[in-house]
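Please examine the sequence and the structure shown below.

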Amino acid sequence: MASDKLITELNQLLSDFHIYYQNTRGFHWNIKGKRFFELHMKFEELYNTALENIDEIAERILTIKGQPLHSFQSYLDTSNVKAKTNMSHDEEIVSSLLEQLGQLVKQENVVKELATSEDDTETEDMMIALINSQEKTMWMFRSWMG
Ligand SMILES: [Fe+2]
């Protein structure tokens with residue numbers, strides 16, 4: 001039986017992910033400059049991946065008998081990732097993404113530690129996969145920054 005704490009921390013991650021998702025949509029729409037085409041496409045890839053991750057996290061919460069947060073208001077109230085608006089400069093956006101991905105990884109580590117202590121291997125595995133993939137994306141964005 002999952003603890004309330006684990007459900008709460010998974011819901012925290014779900015909220016963080018939703019704001020990150022909407023931020024990446026804004027970046028996809030608002031990006032300007034000479035590298036428009038590569039970044040416009042890259043940000044689309046990021047939000048499509050986030051959408052899949054969001055569904056997996058919410059359904060994991062249900063599987064372990066919790067209730068996923070599901071209103072925009074609850075996400076805005078709880079997310080540690082802040083909503084970004086009116087950003088169009090490529091390096092500014094990539095540096096913001098590095099920060100946001102770092103926040104997601106941090107929360108995934110919180111969930112991972114809890115899941116490990118509660119012998120919830122599936123949630124633990126899910127977090128490891130997310131961290132692995134996001135750390136790789138962060139490496140690529142750092143390389144892109146030069
Ligand atoms: Fe589009």
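The sections below treat the helix pairs, then the cores, then the tryptophan.

## Packing of H1 against H2

The model is predicted. Helix H1 covers residues 4–30 and helix H2 covers residues 36–63; their axes come within 9 Å and cross at roughly 160°. Angles over 145 degrees count as roughly antiparallel, and H1 and H2 are therefore roughly antiparallel to each other.

The crossing in which H1 passes H2 is left-handed. Sorted by class, the residues in the contact of H1 with H2 comprise 17 nonpolar, 6 polar and 3 charged.

## Packing of H1 against H4

The axes of H1 and H4 come within 10 Å, with a crossing angle of roughly 165°. This angle makes H1 roughly antiparallel to H4. Here, too, the handedness can be stated: H1 passes H4 in a left-handed crossing.

On the H1 side, the residues that meet H4 are Lys-5, Leu-6, Glu-9, Leu-10, Gln-12, Leu-13, Asp-16, Phe-17, Tyr-20, Asn-23 and Phe-27. Their counterparts in H4 are Ile-93, Gln-100, Gln-103, Leu-104, Gln-107, Glu-108, Val-110, Val-111, Leu-114 and Ala-115. By class, 12 nonpolar, 5 polar and 4 charged residues make up the contact of H1 with H4.

## Nonpolar cores

The largest nonpolar core has 21 residues, of which Leu-10, Leu-13, Leu-14, Phe-17, Ile-57 and Val-111 touch the most other members. The greatest contribution, 7 residues, is that of H1.

Leu-10, Leu-13 and Phe-17, which are among the core members with the most contacts, also belong to the H1 residues that meet H4. Val-111, likewise one of those core members, is on the H4 side of that contact. Leaving aside residues up to four places away in sequence, Leu-14 touches Ile-54, Ile-57, Ala-58, Pro-68 and Leu-69. Another core, of 8 residues, lies apart from the largest one and includes Phe-43, Leu-46, Ile-93 and Leu-97.

## Trp-139 in H5

Helix H5 contains Trp-139. Is this residue, Trp-139, buried or exposed? A residue is exposed if 12 or fewer other C-beta atoms lie within 10 Å of its own; Trp-139 has 10 C-beta neighbours inside 10 Å and therefore counts as exposed.

Key
Residues are numbered from 1 along each chain as its sequence is written. This is a predicted model: local features need pLDDT of at least 70, side-chain atom pairs count only at pLDDT 80 or more; totals for chains, interfaces and linings use all residues. Axes are lines fitted to C-alpha atoms, for helices over the stretch in contact, and angles run from 0 to 180 degrees between N-to-C directions. Helices (H or I, at least four residues) and strands (E, at least two) are DSSP runs, numbered from the N terminus. Angles under 35 degrees count as roughly parallel, over 145 as roughly antiparallel, 65 to 115 as roughly perpendicular and the rest as oblique. A crossing is left-handed if the near helix is turned anticlockwise from the far one by less than a right angle, and right-handed if clockwise. Ala, Val, Leu, Ile, Met, Phe, Trp, Tyr, Cys and Pro count as nonpolar, Asp, Glu, Lys and Arg as charged, and the others, Gly among them, as polar. A nonpolar core is a set of buried Ala, Val, Leu, Ile, Met, Phe, Trp, Tyr and Cys residues joined through C-beta atoms within 7 Å. A residue is buried if 20 or more other C-beta atoms lie within 10 Å of its own, exposed if 12 or fewer, and partly exposed in between; C-beta atoms are placed from the backbone. Two residues are in contact if their C-beta atoms, placed from the backbone, lie within 7 Å.
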